[in-house]
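Colleague: I have some questions about this model. Can we go through them one by one?

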Amino acid sequence: MITIQSSFPLKSSLFILLLSLSLLHFKLSSDPTVNQSLTLTQNRTQPQPQTTTTRNNYIIRFTVYKPASDHRSYLESSLRSDGWEWIERRNPASKFPTDFGLVSIKDSVKEALIGKIERLGLVKDVNVDLSYNRGLLGAAFENGKKRPGKIFTSMSFSEEKNCHDSGLSNSSINWSRHLLMQRSQVTSLFGADALWGKGYTGAKVKMAIFDTGIRANHPHFRNIKERTNWTNEDTLNDNLGHGTFVAGVIAGEDAECLGFAPDTEIYAFRVFTDAQVSYTSWFLDAFNYAIATNMDVLNLSIGGPDYLDLPFVEKVWEITANNIIMVSAIGNDGPLYGTLNNPADQSDVIGVGGIDYSDHIASFSSRGMSTWEIPHGYGRVKPDVVAYGREIMGSKISTGCKSLSGTSVASPVVAGVVCLLVSVIPENKRKEILNPASMKQALVEGAAKLAGPNIYEQGAGRVDLPSIRSSDYFYFLVRLESYEILKSYQPRASIFPSVLDYTDCPYAWPFCRQPLYAGAMPVIFNATILNGMGVIGYVQSPPTWHPSDEEGNLLSIHFTYSEVIWPWTGYLALHMQIKEEGAHFSGVIEGNVTVRIYSPPAQGERATRSSTCVLQLKLNVVPTPQRSKRVLWDQFHSIKYPPGYIPRDSLDVRNDILDWHGDHLHTNYHIMFNMLRDAGYYVETLGSPFTCFEANQYGTLLLVDLEDEYFQEEIAKLRDDVINTGLGLAVFSEWYNVDTMVKMRFFDDNTRSWWTPVTGGANIPALNDLLAPFGIAFGDKILNGDFSIDGEQSRYASGTDIVRFPRGGYVHSFPFLDSSESGATQNVLLNSGMTKADSPILGLLEVGEGRIAVYGDSNCLDSSHMVTNCYWLLRKILDFTGSNIKDPVLFSESVKQDMPLYEDDNNLPSRRTDVNFSMYSAVMGKDLICQSDSRFEVWGTKGYNLHVRGRNRRLPGYHVIDLGRGLNSTVDTTKSRRPKVMGKNKGDSLGNRYLGLLYRDELDVPELVASHWLVPAVVAVTGFLLFLSIWRIRQKRRRRRRSGSGRLANL
C-alpha cells in the first residue's frame, strides 16, 4: 500500500515535469521572432516558399556617387559580420560612378544585417531589388494568383485586333480601319511633314528607348548609335518586337511606317528579358548610364500602380533633374478612372494618353486623377497630353511593318514629336532653353483641346505641332503651336492647367458639375507649377487672389503649395470656400490667382530668374442648398493600394485583386457622382475625421466601402449627430471574412515574404463599433446572387449580411449563396439541391431625430467592376435619410421587424492580429486633427466643440512589419495591443487563446503577453519542487527500511 501511495505522486510529478518542459519547448518553438511569415494557417493550394532559397538581392542606396569598388570597400570595412555578398554588375554603367550597390543577403541574418547597413553614415536606405514583369496578357494576376515579378498593369504588347472590349459591358466596339489618309502616315496627322519641310528631322538628338532592345543593322533605321543590354541575358537583340516597334514610331524611315524623327540618334536600352522581366537594379544602372551619357529624351512605355517604389521613383526625379525629358505611357486600364500608371503620373514626366483617329479618347487609355494625394487631399491633372494610339504602324523585328494599339504606342508618338521639337533649337542653345518643364509647357500650351473629353481624360488635349486641319482654324487663332512656342521661348514659370472655368463643361468636369455655395467643405483644385527657369525654384511670396469685381470678394481661397519646386515642377492647391455672407448669392465669380516663382541665376548670369504665374478662375456660385439635399461623402476612412494590400471588393474579379483606383467620388465612383448631381443632390467630400463637420448642415453622411478605424470621439459624435441633430446615415458595406483573407494571401517571390490583406473589402469590425450605439452590426458571410426589389434587378456581388438590427426597423432578406470559407459546406449542400438560406442585406431604421440605412454591398456603386448598378436604391435611401420620404416597397409592413436581429458578441467578425494595421491607418497611432480639406475655421484643431490641438492617441500597435521587404508580412510580434471594441471578440477566452497557440495563432491582448513564459515557468518550477520533495520522502523511507532490516538481522 505504501508502494502504491508513493508511486502515484512520483508518476504525477514526473508527468507535471515533462508537461512543464514541453510547454517551455512549445513556447520556444512558437517564439514570434521565428519566421512569422508562416504564422497564419496555411492553405495547401497556395504556393509555398522554396526553403532552398536562403538569399535575396537588396539595393543599397548611398548618399554620394562613387565607383562601385569604393562602395564595396566601404561596406567591407564597416561590416564585420558574414551573411552578405557584393554582386558585381557588369554592364556599360560600371565604368561610371554610381549611387547604389547590389548585395545578396542571407535570410537568416537579414534583419540584423540590414539594420547595421542602414545605420552607416553614407547609406541612404536598403530596398528589395523588385522585379518588373510585363506579360503578354498584361495583368499581374491571373485567376486570383500573382504572376512572378513586380505588379504591372496591362501594356500594349500584342497586335491590334479588329475589335476592342469597351470595358463597360460584354459588348465590343468594332473599329474600322478606313481613315482620311493612309494610317502609315500618322506623322502627317501631327504636322510632322511641315517641320520636315523646314529641315527639322531630329538630327543630333540623343533618344534613349527603354524597352526590349533592337536588332543591329535594321533596315528601317539610319542612326542606331548604341545598343546596351542591362538584363541577365546575353543578347542585345529584340526577340519580342516591342522595342523595335517603339523605335520605328520615333525614328523609322520605311515608307509604310514612317517615324517622326528619322535622323534621331537611337540609344536602345534593353531592360526587359525575352520573358518580359526586369529588376529595379537594372533600371537604376540604365538610368545612371543615361545621365552619364547625356541623353536628351527618354521614352518609357511601361507603368504600374505602385508609386511607392522609392528607388525607382526617386531615380526618375534624378533623370529629369539632369535635364533629360522623359515621356511615358499613362496606362491601358481605361475606361476606368483613377488608373494612372507610374512613372507617367509624376509631375516631372510627360504622361501620354491615347486617342483614336476620330479624336475620341481610346477606351483603353487610363484616366486621372492622380491618386498619390488621396484620401486626404485631391489629385493632379493627368494625362498631360493625348496622342493617336490606336492602330499605329511601326517596325517589325527584322523587316516590314505592323500595327499596335495602346498608350505604350501613343508614348513614342509624343517622344518622336519631342525629338522633332528638340531639333528645332540650335544645338549650342538646347541646354539653355530645353528642359522637362519648358518642353511640357510647349506641349500643353500648344495642344488642341478636344470637344467632349474632360480634363482627366485628355489633359491639355491632343499634342500638336503646326496647325494640322482646317477644323483647327479657331485653335490656330487663339494659341501658338508647340513649334512656335519653342522657337521664341524665354525661360519662365507657368501653371497647368492655367484656367479653371466652371462654365466649360464637360472639359472642366467634375468642377463644372457642381457650383460653389456658402457653408460647403472646401473645393480643392490641385494645379502643377512648371518652372522652365531652373531645376529648382521657390515661391517668392504667398499666392494672391485678384477678383475681377466686388462679388469676387465673396470667395475665400486658402493656398497650399510646394515650398521647394524640384525637379522643375511643384504643386499649387486652391482650397476654395464661399463666405457666409454669400449664402444667398447666385452668379459667376471671376478673377486671377497669381504667384511669383524665382530660381537661382543660370550659368553666366548674376540676377535671379523670376516669373509670375497666372491661374484664371471662373466659378459658378449658387445659394446654399437645403439641408436635405446635401450629402457628405466620407473619404477620410478609405485606404487603398499602395502601400497596403487592400483586396478588391468583388471576389468574382480574378485578375485585378488590388483596390487601387482611389475609391473617390471623382475616380471609380464618378458615375455615381454624376447620377447624384442629376438627381439634385449636392455632394461634398470629407477628408478629415467626423469631428470636423457640422451635422446640422447635411442631410446624409454617406459611408461607402471604408477600410479604416474610427476615433472614439468620432463614434460618440456620430451617435449624437444622428439621434439629437437629425443627421441621416447611409452605409454601403463590403465583405469581411478572416478565413477568406488568409486564403487570399500569396508568397511574393521577389520580396521572399507573404503578402496578406490588411482587411477585407471593408473593415467590418470597425464599422460594427461605429454602428454599435444603434444596435446594428454586419456579419462575415460573403454573399452572391441576383435579387429584385419593386422590379429593379440587382446583383449582390461579394456583399455581407446584417446580423444585428433593432426591433421596429425594416429589414430585407434574399436567398444567396455564401462563398466565404465558413460557408463552403453550405455551398456544397446547396449545389446538391437544397434551398438557399435567406440573408438580411438591407436595413432601414428611424432612431431619435435621425434615420439610418445600411446595405451590405458597394460594388453596385463602384464603376470599376460593376455588374448592375443600384443607383435607384441609393436615391431611395437618400430620400429617406435626408427627407424622411419612405418608399412604400422598402417600408412594407411585411419586412418590419417585430423582434430584433441579434448575434452574440463572440460571433461577430473580429480584427486580424497578424498585420500591422497602424502602418496604413490614418487613425491608429495618429492625432485627431482637422486637415486642410475641412472648413477653414477648424484647420489644425480636433473639430467642432473640440477646439483643442489634437493629441496622439496611442491606439493598437499590432505587429511590426518588415517595411520594404514584404507587404504586410509579419516579422516580429512584440507586445501588441488591439483596438478597444464594444464587445468581446470571437476567440478572446483564455482557453481559446492557448488552443490557438497549437495552430501558431498569437496572443492578442497585453494582459496575457507575460503568460507566454510566466505560466510555463511557474508550472515547471512547481513540478520540479514537487518531484524533489517526493524524491526526498522516498529516500527517507528507503533509509528507514534498510535500518529496520538491519535491526531484525541483529535480532
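Colleague: Which residues does T528 touch, not counting those up to four places away in sequence?

Modeller: This is a predicted model. T528 is found in strand β24, residues 523-531. Neighbours up to four places away in sequence are not counted. That leaves S347, R380, S494, I495, F496, T569 and G570.

Colleague: Is T528 buried or exposed?

Modeller: Buried means under 20% relative accessible area. T528 has 6% relative accessibility, so T528 counts as buried.

Colleague: Now the aromatic pairs. Are the rings of Y200 and Y483 stacked, edge-to-face or tilted?

Modeller: The count comes to 38 aromatic pairs. In the pair of Y200 and Y483, the ring centres are 6.1 Å apart and the planes stand at 50°. Planes under 30 degrees apart count as stacked, over 60 as edge-to-face. At 50°, therefore, the pair is tilted.

Colleague: How many residues apart are Y200 and Y483?

Modeller: Y200 lies in the loop between α5 (192-197) and β10 (206-211). Y483 is in helix α14, residues 482-487. The pair links distant parts of the chain, and the separation is 283 residues.

Colleague: What is the angle between the planes of W509 and F673?

Modeller: These two rings form an aromatic pair, 6.3 Å centre to centre. The pair is edge-to-face, and over 60 degrees is the cut-off for that class. The angle is 75°.

Colleague: Which parts does that pair tie together?

Modeller: W509 counts as buried at 5% relative accessibility, and F673 is buried at 2%. The two are 164 residues apart in sequence. W509 lies in the loop between β23 (499-501) and β24, and F673 in helix α15 (residues 670-678), so the pair ties together that loop and α15.

Colleague: Which strands stand at the edges of the open sheet of three strands?

Modeller: The order is β40-β39-β43, with antiparallel pairing. β39 (residues 783-789) and β40 pair over seven bridges. A strand with a single partner has one side left without a neighbour in the sheet, so the edges are β40 (792-799) and β43 (817-818).

Colleague: How far apart are the end C-alpha atoms of helix α20?

Modeller: Helix α20 has 13 residues, 871-883. At 1.5 Å a residue, the helix should span 18 Å. The computed distance agrees, which means a value of 17 Å.

Colleague: Which residue follows α20, and what is its phi?

Modeller: Inside α20, the buried residues include W872, L873 and F880. The residue that follows α20 is N884. Its phi is positive, near 60°.

Colleague: Which residues does UniProt list for "active site", and why do they gather at one spot?

Modeller: The unreviewed UniProt entry lists D211, H242 and S408. They span 198 residues in sequence. D211 is in strand β10, and S408 is in helix α9, residues 407-424.

Colleague: What is the relative accessible area of D211?

Modeller: S408 counts as buried at 1% relative accessibility. D211 is buried too, with a value of 0%.

Terms used
Residues numbered from 1 in each chain as written. Predicted model: local features only at pLDDT ≥ 70, side-chain atom pairs only at ≥ 80, totals over all residues. Heavy atoms only, no water. Helix = DSSP H or I, 4+ residues; strand = E, 2+ residues; numbered from the N terminus. Buried < 20%, exposed > 50% of the residue type's maximum accessible area, 1.4 Å probe, protein only. Contact = heavy atoms within 4.5 Å. Phe/Tyr/Trp six-rings, centres within 6.5 Å; stacked < 30°, edge-to-face > 60°. Pairing = 2+ DSSP bridges. Expected span 1.5 Å × (residues − 1). UniProt positions renumbered as here; feature names shortened; annotations may be inferred.
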